[in-house]
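These entries record what I looked up in the structure. I begin with side-chain contacts and end with the open space.

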Amino acid sequence: MRAVVQRTLSASVTVADEVVGRTDEPGLLVYLGVTHDDGEADVAWLARKVWELRLMREERSAADLGAPVLVVSQFTLYGDARKGRRPSWGAAAPGPVSEPLYEAFCTALADLGAHVERGRFGADMQVAAVNDGPITLILDSPR
């Protein structure tokens with residue numbers, strides 16, 4: 001499981017001219033990718049890492065501040081563009097595998113105490129964010 005985590009002042013996701021997820025205060029924007037062998041242990045580990053990682057100002061975590069988290073599914077995080085000009089998506093898990101793990105990740109964050117906003121799985125989304133810092137990290141769950 002892979003996450004790109006950005007510290008934001010605000011962020012939103014729009015699908016077909018409808019805002020489906022929004023944070024209007026400092027928090028995190030998480031792009032989440034799932035690969036074939038990910039499971040519940042990856043979900044639990046990554047959710048806790050995102051929630052407790054000290055990325056906010058003054059070395060505080062989203063957990064310390066009760067900061068909101070906007071989670072957007074993104075299979076392209078497992079794209080491979082090392083050969084040629086067309087990325088391959090073979091390492092990305094298909095929707096029937098990745099959607100339940102995306103939902104489980106959001107639920108795990110909420111169970112830890114996060115206010116979770118979401119994109120819409122599989123939709124054509126427009127994501128807007130005001131990055132803070134900027135701070136951006138790539139996190140991979142342990143194998």
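Entry 1. I looked up the contacts of phenylalanine 105, where contact means heavy atoms within 4.5 Å. Not counting residues up to four places away in sequence, phenylalanine 105 touches Met1, Val30, Leu32, Val43, Leu46, Ala47, Val50 and Val71. I note that this is a predicted model, in which local features need pLDDT of at least 70 and side-chain atom pairs count only at pLDDT 80 or more, while totals for chains, interfaces and linings use all residues. Residues are numbered from 1 along each chain as its sequence is written, and side-chain values use heavy atoms, with hydrogens and water left out.

Entry 2. I turned to the nonpolar cores, each a set of buried (under 20% relative accessible area, 1.4 Å probe, protein chains only) Ala, Val, Leu, Ile, Met, Phe, Trp, Tyr and Cys residues joined through side-chain atoms within 4.5 Å. The largest nonpolar core has 29 residues, and Leu28, Val30, Val50, Val71, Phe105 and Leu109 touch the most other members. Two or more residues of this core come from each of β1, β3, α1 (40-52), β4 and α3; helices (H or I, at least four residues) and strands (E, at least two) are DSSP runs, numbered from the N terminus. Helix α3 gives the largest share of this core, seven residues. Another core, of 10 residues, lies apart from it and includes Val13, Leu29, Tyr31 and Met125.

Entry 3. Which strands pair with β1, given that pairing needs at least two DSSP bridges? I found β1 antiparallel to β3 (residues 27-33) through seven bridges, to β6 (residues 126-140) over 11 bridges, and to β2 (residues 18-23) through five bridges. Valine 5 stands opposite leucine 137 in β6, and valine 15 has glutamate 18 in β2 as its bridge partner. Of the 14 residues of β1, 11 are buried.

Entry 4. I checked threonine 8, which is in β1 (residues 2-15). Threonine 8 is buried, with a relative accessible area of 0%, and stands opposite glycine 27 in β3. Beyond its neighbours within four places in sequence, its contacts include Thr23, Glu25, Leu28, Ala129 and Asp132.

Entry 5. I looked up the lining of the largest pocket. A pocket is an open set of points on a 1 Å grid over the protein atoms alone, where a 1.4 Å probe fits, with protein on both sides within 12 Å along at least five of seven lines; lining residues have an atom within 4 Å of a point. The lining comprises 20 residues, with Ser73, Gln74, Phe75, Gly122 and Met125 nearest the centre of the pocket. At least two lining residues come from each of β3, β4 (69-73) and α3 (95-112).

Conventions. Buried means under 20% relative accessible area, exposed over 50%, partly exposed in between (1.4 Å probe, protein chains only). Two strands pair if DSSP finds at least two bridges between them.
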